[in-house]
Amino acid sequence: MTALTFQPPILTRVSDLIGGTPLLALPVAPDSGRVLLKLEQFNPTATAKIRMARQMIDEAEAQGRLKPGGCIVESTSGNTGLGLALIAAERGYRFTAVVDAHASMDKLRGMQAYGAELVRVGEPDGGLATADRDAAAARIATERGAYWTQQHNNPGNANGYNALADELRHSLGSSIDYLFGAIGTGGSLCGTGRALRAHLPAVKIVGVEPEGSVIFGGEGSPYYQSGTGTPAGAEIGALIDYDLIDTGLKVSDSTAFETARYLARRHALLVGGSAGGVIYEALRHARSVPPDTTTVVLVCDGGEKYLDTVFNDAWMNARGLTNPKIIEELNLFMRP
Ligand SMILES: Cc1ncc(COP(=O)(O)O)c(C=O)c1O
């Protein structure tokens, strides 16, 4: 009998499963730089955001802002809410998620499955209502004495990604030249980026937001990418550290979604819409750098939450989001 060399520890809480997510190298075209995906959908709740949800609650407990059996409220597009719902279920808190019609049904159902209460704001058929959501969360916090995590301004959000940076350094040592990520609150990109830079000062940090989002300037307009960016009229969060970010890029819904669909069909990799956009930009960038350059992409979530939208042909066609040119480009960026 062969001796077992590695035995995973037996864990006692679901949140102990957070972190340790895999890195996957994309098959890039010859002479391109290396592109590595940090697949955060391998966390509980299938997104990076559980990291910051746990951290915000840990810090609130340590600061005495949250008492046993207390209430938590947050305005969320869904992934933060899933994380808070899981932590609340594990620790015996009540959690209220303020959501709008932009959130994916699967995220909403997921939060309810963990016992969260949903409060819906905005038009039932409308889109993103970030400002309304924030106003409702503030009101609920006052009326019920709930702890409002305020992810856009909570340092715990960014702190939640220190471990992610440690994981990257553990796997890659100093071989990290670029960090690409989607940017909404800025917690994941700026939190990871700042912690990486403390050890690797030369790492370049690239944020990618949807076209129509206003983080890197420009006119605001509606967009379909979920969870990412800041729409016109909503406050740009305090965690977005412009001094830390070397480059800010904008990616269209069409490009982001066609990339996600391409990766699923051609490379068996199911990622969410925001990740599709970031991966497209990372692949395009990889063509212009030497082959010994490493670009790490933070993949916020998997595609399972977007089967009714990004991966639904009728949904894509009805919104004019299909674009065969993106597929031609991706054929050049990647090996078959
Ligand atoms: C799918 C998705 N992509 C990107 C982001 C942006 O991440 P962050 O808020 O850390 O900037 C989020 C945040 O909720 C998200 O849910």
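This is a predicted model: local features need pLDDT of at least 70, side-chain atom pairs count only at pLDDT 80 or more; totals for chains, interfaces and linings use all residues.
Strands here are DSSP runs of E with at least two residues, helices are runs of H or I with at least four, and both are numbered from the N terminus.

Residues are numbered from 1 along each chain as its sequence is written.

**Entry 1: the parallel sheet**

I followed β3 (residues 71-75) and found it joined to β4 (residues 94-99) by 5 bridges, the two running parallel. Two strands count as paired if DSSP finds at least two bridges between them. The open sheet has 4 strands in the order β5-β4-β3-β6, with parallel pairing. β5 (117-120) and β6 (147-148) are at its edges with a single partner strand each, so one side of each has no neighbour in the sheet. Helix α4 (residues 130-144) packs on this sheet and touches β3, β4, β5 and β6. I noted about 165° between the directions of α4 and β3; axes are lines fitted to C-alpha atoms, for helices over the stretch in contact, and angles run from 0 to 180 degrees between N-to-C directions. Contact means C-beta atoms, placed from the backbone, within 7 Å.

**Entry 2: the mixed sheet**

Next I looked at an open sheet of 6 strands, ordered β1-β2-β10-β7-β8-β9, with mixed pairing. Its edge strands, β1 (23-25) and β9 (247-251), each pair on one side only. Neighbouring strands are turned by 25° against each other on average, direction ignored. β1 pairs with β2 (residues 34-39) in the antiparallel sense over 3 bridges, and Leu24 has Leu37 in β2 as its bridge partner. α7 packs on this sheet, touching β7 (178-182), β8 (204-210) and β10 (294-299), and its direction makes about 160° with that of β7.

**Entry 3: the ligand**

Where does the ligand lie? Domain 1 (14-46 + 161-329) and domain 2 (49-153) both give residues to its shell, so the ligand lies between them; the bounds come from an automatic or database domain assignment. Of the 19 residues around the ligand, Gly184, Thr185, Ser188, Gly227 and Ser274 come nearest, where being near means a C-beta atom, placed from the backbone, within 6 Å. I also saw that α7 gives the most to the shell, with 3 residues.

Methods
Two residues are in contact if their C-beta atoms, placed from the backbone, lie within 7 Å.
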